[in-house]
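Thanks for coming, everyone. Please look at the sequence and the model on the screen, and we'll walk through them together.

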Amino acid sequence: MTLLAHEVREAAHNDKLDMTEVRFAATDDDGTIEGYAVRFNTVDSYKTSFDRNAFAWEGRSLPLLWSHNPGDVVGSVRSIVVEDAGLKIRGRLNLDVQRAREVRSMLQAGDIAGLSIGFQRLKDEARSGGVRHITKAELREVSFVAMPSVPGSQVTSIRTFTETGRDKSAAAFVASCRRAALALKGN
C-alpha cells in the first residue's frame, strides 16, 4: 500500500474533510520458495542418510529443476542454511519460464510439495542395516518432485499472490474506512 496524498478540503456547511488517498499495489509474487532439500540422519528410500556436515556451499547459484531433468530448469537456489533438521534452501522460480509457472501452480494447489537433491558422493560410511551414510557430498541441484525419497524433504513456503485476495483485502479496507468516517460524522 502506498500513501500518495493528504489534504484538508472545505465541504458543505463549513465542514472540513480530512482526505487521504491510498493506492494498493500487488505484493511481490516473485516465485520465492523455501524448504528442506534434504533431512539429515533420515534414511531414504535408497537406504541412504545424510550427515549434517555433508554439504559445503560456496554461495554459487544452483539450479532448481523439475524432477531432476537438466532440460527443465525452473529457477535457482539463492541461499542454503544448515539447520538441525536439514538443509534449508531459499530459491526463486523463474516466472518467465512456462514450466516454472506450472510448478508454482502445482505447489499452490497442493499437488506437489516434495524436494530432492542431485549430488555427487565424495565420502560415506556404512551403517547398520545396510545404510550408506553420506558424510561429504557436492550438491549439484535441487528438484521439485512429486515423491521425495527422503521423508520430510519438502517446500515449506511459497510466496503467493492472487488478484482475488488483494481485491478482497482492498475492499475490506475501504469499507472499514467508510464505516469509520460515518461513525465520526455521527451517522
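Of the contacts in the protein with a separation of 6 or more, 61% join residues 24 or more positions apart. Contact here means heavy atoms within 4.5 Å. Keep in mind that this is a predicted model: local features need pLDDT of at least 70, side-chain atom pairs count only at pLDDT 80 or more, and totals for chains, interfaces and linings use all residues. Residues are numbered from 1 along each chain as its sequence is written, and side-chain values use heavy atoms, with hydrogens and water left out.

Now the layout. The protein has 2 helices and 10 strands. These are DSSP runs, numbered from the N terminus: helices are H or I, at least four residues, and strands are E, at least two. Along the sequence the order is β-β-β-β-β-β-β-α-β-β-β-α.

How much of the protein is buried? Of its 187 residues, 32% are. Buried means under 20% relative accessible area, exposed over 50%, partly exposed in between, with a 1.4 Å probe and protein chains only.

Take Ser49. This residue sits in strand β4. Ser49 counts as buried because its relative accessibility is 4%. Beyond neighbours within four places in sequence, Ser49 contacts Asn41, Thr42, Val43, Val131, Arg132, His133 and Ile134.
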